[in-house]
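Here is a short report for a reader new to this structure.

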Amino acid sequence: MPLGLGRRKKAPPLVENEEAEPIRGSLGGVEVGSGGRVAALQPGLPPPPASLRPRLVFHTQLAHGSPTGRIEGFTNVKELYSKIAEAFKIPPAEVMFCTLNTHKVDMDKLLGGQIGLEDFIFAHTKGQRKEVEVFKSEEALGLTITDNGAGYAFIKRIKEGSVIDRIQVINVGDMIESINGQSLIGCRHYEVAKMLKDLPKGRTFTLKLTEPRKAFDMISQRAAGGKHNSSSQLGTGRGTLRLRAKGPATVEEQLSAFEERAIEKVDDLLESYMGIRDTELAATMVELGKDKQNPDEFAEALDERLGDFAFPDEFVFDVWGAIGDAKVGRY
């Protein structure tokens, strides 16, 4: 069906991409079970049984300070948080989000759906709660929202000079618990961003926030990640563990230069159009679009896989163009 002519339809629940072929060889700094290798999957065959999958052990700490823990056996973000909670004997709901290779609230190092095999995981837990009244003097509040994949939406970026930037008590990394008393626990980032956008200009609204617990050297930090670092990557090391909503986690090769650049450009478009940043959503869109022959095929693939987002046609065209530019090296 041509783009823009009745493309919208109700899609099935969001799912991750089909199984990818794991890489061969060394797994860097993680510990591997018997055999020490990951066997490549043959096309058309199901993934190997759990007993034959590699035993990947990651090291983790609580970001505000703790001994080092070891976690393994998780296949998605919720299971990862549960393993972290088990390691440190805290409730899973206390884990707000994780950063890779830094204990600071650095949104460019935020853990999404991929973990480099040599990455060190820092878990940020709930700290001080606060209630803030905000007068919406402008249409745009200056917030970029993301979520942790487990029901918590939080602030990823604050635009300099914006309405929110002038309220010093609101910080990057703060979880948005509620707006005007309406709980947001369990909401996705795009739902929260739309609620904030739909608030009437010239009115006061109330935010209930929870900030991540801070170590001593983070007390004065306000907006790490407030500016986008275009050189940041999804993971480090010689391979990546990709977490999936369905099916086992898989070990994949590092992204190509085209994929990294395309994901970055699509993530920028998500922020511009929807007020969210989500590298995993951007990666899924790039994967759906990189082999399509025209924007109509791409639009149909988006509707089938990500129909719940109801992306506007203009946005779809811009994403298609961004993927094409990255593919031919127009950075």
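## Ground rules

A residue is buried under 20% relative accessible area, exposed over 50%, and partly exposed in between, using a 1.4 Å probe and protein chains only. By that rule Arg166 is partly exposed, because its relative accessible area is 48%.

This is a predicted model: local features need pLDDT of at least 70, side-chain atom pairs count only at pLDDT 80 or more, and totals for chains, interfaces and linings use all residues. Residues are numbered from 1 along each chain as its sequence is written, and side-chain values use heavy atoms, with hydrogens and water left out.

## Strands around E5

Helices (H or I, at least four residues) and strands (E, at least two) are DSSP runs, numbered from the N terminus. Two strands pair if DSSP finds at least two bridges between them.

Strand E5 covers residues 121–135 and pairs with strand E1, residues 58–62. That pairing is parallel, with three bridges. Here Ala123 of E5 sits opposite Leu62. Strand E3, residues 95–100, pairs with E5 in the antiparallel sense through five bridges. Leu100 has Ile121 of E5 as its bridge partner. E5 also runs antiparallel to strand E10, residues 204–212, and eight bridges join the two. There, Glu133 faces Thr206 of E10.

## The nonpolar core

A nonpolar core is a set of buried Ala, Val, Leu, Ile, Met, Phe, Trp, Tyr and Cys residues joined through side-chain atoms within 4.5 Å. The largest one has 78 residues. Which members touch the most others? They are Ile121, Ile176, Leu196, Met285 and Phe311. Helix H3, residues 257–274, gives the most to this core, with seven residues.

Take Ile121. Contact means heavy atoms within 4.5 Å. Leaving aside neighbours within four places in sequence, Ile121 has contacts that include Phe58, His59, Ile71, Leu80, Cys98, Leu100 and Ile115.

## Helix H4

Helix H4 spans residues 279–289 and is mostly covered, with nine of its 11 residues buried. Among them are Glu280, Leu281, Met285 and Gly289. Asp278 caps the N-terminal end of H4. One of its side-chain oxygens lies 3.1 Å from the backbone nitrogen of Glu280.

## Salt bridges

Side chains of opposite charge can pair when their charged atoms come close. A salt bridge is a side-chain nitrogen of Lys or Arg within 4 Å of a carboxyl oxygen of Asp or Glu. The structure holds 15 of these salt bridges.

One joins Arg166 and Glu138, whose closest N and O atoms are 3.5 Å apart. This pair links distant parts of the chain, 28 residues apart. Arg166 lies in the loop between strands E7 (153–158) and E8 (175–179), and Glu138 in the loop between E5 and strand E6 (143–147). Glu138 counts as partly exposed because its relative accessibility is 36%.

Another salt bridge joins Arg157 and Glu271, at 2.8 Å from N to O. It also links distant parts of the chain: Arg157 is in strand E7 and Glu271 in helix H3, 114 residues apart. Are these two residues buried or exposed? Both Arg157 and Glu271 are buried.

Glu271 also meets Arg277 in a salt bridge, at 2.5 Å from N to O. Glu271 counts as buried because its relative accessible area is 18%. Arg277 is buried too, because its relative accessibility is 1%. Arg157, Asp267, Asp268, Glu271 and Arg277 are linked in a network of salt bridges.

Terms used:
A polar contact is a pair of N or O atoms within 3.5 Å; within protein, one must be able to donate a hydrogen and the other to accept it, and residues adjacent in sequence count only if both atoms are side-chain atoms.
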